[in-house]
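This briefing covers selected local and chain-level features of the model shown below.

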Amino acid sequence: MTGDQPLIEVTDVHRTYRRPRVSLTRPGRAVAALRGVSFSVTAGQRFGIVGESGSGKSTLIRLLAGLDQPTEGTVRFRGQRVSGRPERQLGFLRRELQVVFQDPMGSLDPRMRVRDIIAEPLVAQGHPDTAGRVAELLEAVGLPQEAAGRFPHQFSGGQRQRVSIARALAPRPSVLVADEPVSALDVSVRAQILNLLADLVERYALTLVFVSHDLSVVRHVCDTVAVLRAGELVELGPVDRVYRAPEHPYTRELLAAVPTLRGALARFTTRTAEEEQP
Amino acid sequence: MSGVEDIPSGPVPGAGTRAGRRGANASLLVGGALVAAVVLLALVSFLWTPHDPTLVDAPNRLRGPSAAHWLGTDRFGRDVASQVMVGARTTLFVGVVAVGVAALVGTPLGVLAAMSSRRLGELVMRGNDLVLAFPALLLAIMFGAVFGADTLTAMLAIGIATAPSFARLARGGAVEVLGTEYVLAARVAGRRRLAIAVRHVLPNIAGLVIVQTSVSFGIAVLAEAALSFLGLGTRPPTPSWGRMLQESQELLTVSPRLALVPGLAIALAVLGFNLLGDGLRDRLDPRLEARG
């Protein structure tokens, strides 16, 4: 499962945002979203990043995708620096790393047809035969061919996320970054989308970076997990080990908070037992 | 991150329901009818008017409405109905030029301000505020002094004075669009800034701009009437509602009809464009539509 050279290398990354100033004389307060995060992802890995909201997950994704610049530290992709490069020099990253965003409504332009949405990376990167590729992708994500001519609002949340996945796969990337891809979806369609992602990762031999606040989802999809808390990486290791024997107290806390069927049943049975007593 | 308010769950109905969502929109209907009437008058005037609107007919001056002169004649014996029809042409010309200038200058500037570096964006918007603070009338007087007062200079002045409202609106809309995940997705796809502006920002603020266009059209009609009234706009003998109003003021007690007719025409046209703008706002506002 491990390659020789890490595919993604994040080294001591800090990202500090500055709040808008409230005083004329002093600059706005600084908020640290990431504080010295380091990790690496090797080819073929399924790397999960877990943390509650505000832990810096989304910031981290933006840095990985070259959408934002770290205040300190470096992000490298196949040994090439991503951080500190202007947009026009990020072509290598755009071809190889694609992102599935969280909000299946917000990440699709409401004025564009599905055909144009999926073809966007192809057009931007100058691929030939976009029509053929779009048809192929619709098939791959389980959408009918007629979907191509429709607009995003004509689809359900799960279908929209399929469109989003098709767009991400369009330029044949080697890395797929998924930013909470199912947290905005109905519970009933979550499993479908997760299975689709897992299948596609398998089929196209993709490296997956999967961000979620939901530990059970990460366990289902990933082989390695990193736990992020208030901008710091508190635990990193194989999924099984982290779930079986969490080292950091915060990880234990998170795991304890996961609702399980057994836990729910246990509470239910004790309560009914109490009620039965006169 | 964009605010997620309500993610529709379950099956989403087709686009067909959206058109019917607002039902019959009264302001859109009335506004559209009034604007259509102005357009119709102007178009018909190219082909036919009851009389030559500039023909002086001294024996028939200040006649009341009759079969020959539907709205009577003015103090030179010119047919008022014909003048109103040709005046509609002037009014539309005014609107198209003024609002065209305003939209074509203001919208790109606003998008530029939203997409460029913070410093350049601030510079553009403060410059915008400066123009916004400058009265259109003063601008028109300056233009008139430099290029000679006529319809076109008045319209350019109104256009330049209206452009900042487009810039401000476009900037606000663009900032909102730029904060969405689909713009992030476009960047990940490898789209450059210009492509994002053309493919994502402009189509998504088009509704806002169209509404503003209609409202600005009303303002421009009013401004042209005011400038013509003051002698800074359309020059005689070209008929203009504003000038008809100005010519009528000496005869207000003798023949109030001469003031009422162009006054009513101006009021109805302005009302029409404003109602149309309101109606279109309900239909096109992307924030309302996003929930469709």
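Buried residues account for 42% of the 292 residues in chain B, where buried means that 20 or more other C-beta atoms lie within 10 Å of a residue's own, exposed means 12 or fewer, partly exposed lies in between, and C-beta atoms are placed from the backbone. This is a predicted model, in which local features need pLDDT of at least 70 and side-chain atom pairs count only at pLDDT 80 or more, while totals for chains, interfaces and linings use all residues. Residues are numbered from 1 along each chain as its sequence is written, and chains are lettered from A and ligands numbered from 1 in the order in which they are written.

**Chain B: overall make-up**

- Chain B has eleven helices and zero strands; helices (H or I, at least four residues) and strands (E, at least two) are DSSP runs, numbered from the N terminus.
- Of the contacts in chain B between residues at least 6 apart in sequence, 72% join residues at least 24 apart, a contact being two residues whose C-beta atoms, placed from the backbone, lie within 7 Å.

**Chain B: UniProt annotations**

- An unreviewed UniProt entry places "domain: ABC transmembrane type-1" at residues 88-277 of chain B; UniProt positions are given in the numbering used here, feature names are shortened, and annotations may be inferred rather than shown by experiment.
- Residues 88-277 of chain B are 84% helix and 0% strand, with end C-alpha atoms 19 Å apart.
- The feature "transmembrane region" is placed by UniProt (unreviewed entry) at residues 28-48, 92-115, 127-146, 201-234 and 254-277 of chain B.
- Residues 28-48 of chain B are 95% helix and 0% strand, and their end C-alpha atoms are 29 Å apart.
- Residues 92-115 of chain B are 100% helix and 0% strand, and their end C-alpha atoms are 33 Å apart.

- Helix 3 (residues 80-115) and helix 4 (residues 118-133) of chain B pack at an angle of about 145°, with axes 7 Å apart; axes are lines fitted to C-alpha atoms, for helices over the stretch in contact, and angles run from 0 to 180 degrees between N-to-C directions.
- Helix 3 of chain B contributes B:Leu109, B:Leu112, B:Ala113 and B:Ala114 to this contact, and helix 4 of chain B contributes B:Gly121, B:Val124, B:Met125 and B:Asn128.
- The residues of this contact comprise six nonpolar, two polar and no charged, counting Ala, Val, Leu, Ile, Met, Phe, Trp, Tyr, Cys and Pro as nonpolar, Asp, Glu, Lys and Arg as charged, and the others, Gly among them, as polar.
- B:Ile266 is located in helix 10 (residues 257-284) of chain B and counts as buried, with 23 C-beta neighbours inside 10 Å.
- Leaving out residues up to four places away in sequence, B:Ile266 touches B:Val221, B:Leu222, B:Ala225 and B:Trp241.

- UniProt (unreviewed entry) annotates residues 8-255 of chain A as "domain: ABC transporter".
- That span of chain A is 35% helix and 26% strand, and its end C-alpha atoms lie 27 Å apart.
- The largest nonpolar core has 146 residues, and A:Val177 and A:Val209 have the most contacts inside it; such a core is a set of buried Ala, Val, Leu, Ile, Met, Phe, Trp, Tyr and Cys residues joined through C-beta atoms within 7 Å.
- Not counting residues up to four places away in sequence, A:Val209 touches A:Val41, A:Phe47, A:Ile49, A:Leu64, A:Val175 and A:Val177.

**Chain A: helix 4**

- A:Arg133, A:Val134, A:Leu137 and A:Leu138 are buried in helix 4 (residues 130-140) of chain A.
- These residues cover an arc of only 140° around the axis, so they are on the same side of helix 4 of chain A; the arc is that of the directions from the helix axis to the C-beta atoms.
- The face turned away from the buried side of helix 4 of chain A carries the exposed residues A:Ala131, A:Gly132 and A:Glu139.
- Helix 3 (114-124) and helix 5 (157-169) of chain A are among the elements that cover the buried residues of helix 4 of chain A.

**Chain A: positive phi and a loop**

- Most residues other than glycine have a negative phi.
- A:Asp129, not a glycine, has a positive phi of about 50°; A:Asp129 lies in the loop between helix 3 and helix 4 of chain A and counts as exposed, with 10 C-beta neighbours inside 10 Å.
- A:Glu180 has a positive phi near 45° and sits in the loop between strand 7 (175-179) and helix 6 (187-203) of chain A; A:Glu180 is buried, with 21 other C-beta atoms within 10 Å.
- A:Arg19 lies in the loop between strand 1 (8-18) and strand 2 (30-41) of chain A, and the C-alpha atoms of A:Arg19 and A:Arg29, ten residues apart along the chain, are separated by 5.2 Å.
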